[in-house]
Each structure stands twice: as structure tokens, then as C-alpha cells.
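Hi everyone, thanks for making the time this morning. I'd like to walk you through a structure, so let me put it up on the screen.

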Amino acid sequence: MGRAFEYRKAAKLKRWGHMAKTFTKLGKQIAIAVKTGGPEPENNPTLRSVIATCKRENMPKDNIERAIKNAMGKDQSEYKNMTYEGYGPHGIAVFVDTLTDNPTRTVADVRSVFNKFSGTLGTMGSLAYLFDHKCVFTFKKPAEVDMDELILDLIDFGVEEDYDTDDEEGTITIYGDSKSYGAIQKHLEEQGFEDVGGEFTYIPNDLKDVTPEIRETLNKMVEKLEEFDDVQTVYTNMKPEDE
């Protein structure tokens, strides 16, 4: 498999390590989807996608329904997607993706961690050249499917040749240009694929080798950032350990 999948696979194992926080983060994604497109999944493709991701992460149905109901309340907070980027110790790029209803609080929290680990928080967009913004879709794999033909068909919609199949889960994961998210999702649903869950990710385009000591320090920094409820995902250009 390609660079994108290998990095994503390593990152995902780290990202979904704490189930309770996963549900909190997915709840925020539901809130944004409902606020922008309404509470009915059949009329809101973004909400359909988030719900499919929730199911894949074993979020209980009651939690999903409660998150949708809460998002419809007048007093529900308005979440914004904010990204923070800079350099951690030893010059490793760190990209922090957040959903927040209080950017002032969030940037203070993120900056405190950068400072603690002798890092430097930069301006938004300062590290954009080090990461490729991609969309990722995971959906149920049909019993009979020719992957070569499927990928060839999807390439016309901005999907890359690299993909992953999970035989245990019975799913396929594909990657594409972030700007093609809507077109890819629409095509997959029109072709009858089930439980199409989509999200965005950042793939580092220049992975850095690190020593075990540096890796331990960076992992501690990432863990500290992930403790904040506002933080959705933390990306670095540190080469995954299993490569």
C-alpha cells in the first residue's frame, strides 16, 4: 500500500485509543452536520456519513440519537473547525485539528502544550506545504466486487489508486482529493455501497526518521494534546514506528 495508507493506519491506531473521547468528538461532528444540513439523515449526506463513522466506531444508537436531538436545541453551542500548527521538539511538524465553541480557550490549551515541550506554535497555514489534505471513505465491501474496476471507476471522481480492504470488518477504505468529498460520497451512494463513512485527514508528505527517545517525547506531546475535548486529531510528520 502507499504512503497515505501506511501513515493513516498507524495514526488511526493512536487516534481511537480512548473510546469515551471518541464519542465526544463524534458528537461534535454530528452537531455541526445537523446545524448545517438538518437532523434527517436521508436529506443530509454529511450527517449520513458521520453516522456511518459512528456505527463503525461502535457508538451506541442512543448516543447518536441524543447527539442529533441536542444539536437541534436552541442553546446548543456553535462549533467551529480550527487548525493549529507548529513545530514540536526536534523540529517535528505538529498539526492539530479541532472543533471548538471557544477558540480563545482552545488556542491557549494548545499553546500550553507546545510551550511545555519546547515547541513553537506557528500561524494558520504555515505548515500547509508539509501535509496533503485528503478525504477518506470507508464502506462495506460487496460480496462480489472487482477492486481494479472499482478503483478505475472512482479515479474519475478524484480517488487515488491506493486503498485498503479489511477482511475482518468487511470494509474498503479509499482516499481522494479533499475538494472531491461531495462528488465521491454521492457516487458511492448512487452505486449502492452501504454505510459510507467519510472524513478528512492530513497526510504528511515528508516523513522524518526519529530516535526512540525523540519518538517517546513526541508521543507524550500528542497524548497531552489529545486530552483536550476540543482536539479532534493530531498529526505529525514523524515516520510511523512500524515502517
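Let's begin inside: the largest nonpolar core has 17 residues, and the ones that touch the most other members are Val 94, Val 96, Met 221, Leu 225 and Val 234. Four elements each supply at least two residues of this core: strand β2 (93-100), helix α5 (103-116), helix α8 (212-226) and strand β8 (231-236). The biggest giver is α8, with five residues.

Before I go on, please keep in mind that this is a predicted model. For the overall picture, the protein has eight helices and eight strands. Of its 243 residues, 45% are buried. And if you take contacts between residues at least 6 apart in sequence, 72% of them join residues at least 24 apart.

Which residues does Val 234 contact, once its neighbours within four places in sequence are left aside? They are Val 94, Phe 95 and Val 96, together with Val 222, Leu 225 and Glu 226.

Now for the sheet. Four strands form an open sheet in the order β3-β1-β2-β8, and the pairing is antiparallel. The edges are β3 and β8, each of which pairs on one side only. For anyone who wants a reminder, strands of a sheet pair through backbone hydrogen bonds, and they can do so in a parallel or an antiparallel way. Here, β1, which covers residues 80-87, and β2 pair antiparallel over eight bridges. To give you one place to look, Tyr 84 has Val 96 in β2 as its bridge partner. You have met Val 96 already, as one of the core residues that touch the most other members.

Staying in strand β2, have a look at Thr 98. Is Thr 98 buried or exposed? Its relative accessible area is 0%, so Thr 98 is buried. A polar atom of the Thr 98 side chain lies 2.8 Å from the backbone oxygen of Met 82. Leaving out neighbours within four places in sequence, Thr 98 is in contact with Lys 80, Asn 81, Met 82 and Tyr 84, and also with Thr 106, Asp 230, Val 231 and Gln 232.

On to the aromatics. A pair of aromatic rings is described by how far apart the centres are and by the angle between the planes. How many aromatic pairs does a search of the whole structure find? The search finds seven. In one of them, Phe 95 and Tyr 235 have ring centres 6.4 Å apart and planes at 65°, which is over the 60 degrees needed, so the pair is edge-to-face. This pair links distant parts of the chain, as Phe 95 sits in strand β2 and Tyr 235 in strand β8, 140 residues apart. Phe 95 counts as buried at 4% relative accessibility, and Tyr 235 counts as buried at 1%.

Another pair is Phe 137 with Tyr 181: the ring centres are 4.8 Å apart and the planes at 40°, so this pair is tilted. Again distant parts of the chain are linked, with Phe 137 in strand β4 and Tyr 181 in helix α7 (residues 181-190), 44 residues apart. Phe 137 is buried, with a relative accessible area of 1%. Tyr 181 comes out at 12% relative accessibility and also counts as buried, because the cut-off is under 20%. Ring pairs also build a cluster, made of Phe 95, Phe 131, Tyr 202 and Tyr 235.

What about disulfides? A search of the whole structure finds zero of them.

Last stop, a loop. Ser 126 lies in the loop between β3 (120-121) and β4 (131-140). Its relative accessible area is 30%, so Ser 126 is partly exposed. A polar atom of the Ser 126 side chain lies 2.8 Å from the backbone oxygen of Thr 123. Ser 126 and Tyr 84 are 42 residues apart in sequence, while their C-alpha atoms are 9.4 Å apart in space.

That's my tour, and I'm happy to go back to any part of it.

Key
Residues numbered from 1 in each chain as written. Predicted model: local features only at pLDDT ≥ 70, side-chain atom pairs only at ≥ 80, totals over all residues. Heavy atoms only, no water. Core = buried A, V, L, I, M, F, W, Y, C linked by side-chain atoms within 4.5 Å. Buried < 20%, exposed > 50% of the residue type's maximum accessible area, 1.4 Å probe, protein only. Contact = heavy atoms within 4.5 Å. Polar contact = N/O pair within 3.5 Å; in protein donor to acceptor, adjacent residues only side chain to side chain. Phe/Tyr/Trp six-rings, centres within 6.5 Å; stacked < 30°, edge-to-face > 60°. Disulfide = S-S within 2.5 Å. Pairing = 2+ DSSP bridges.
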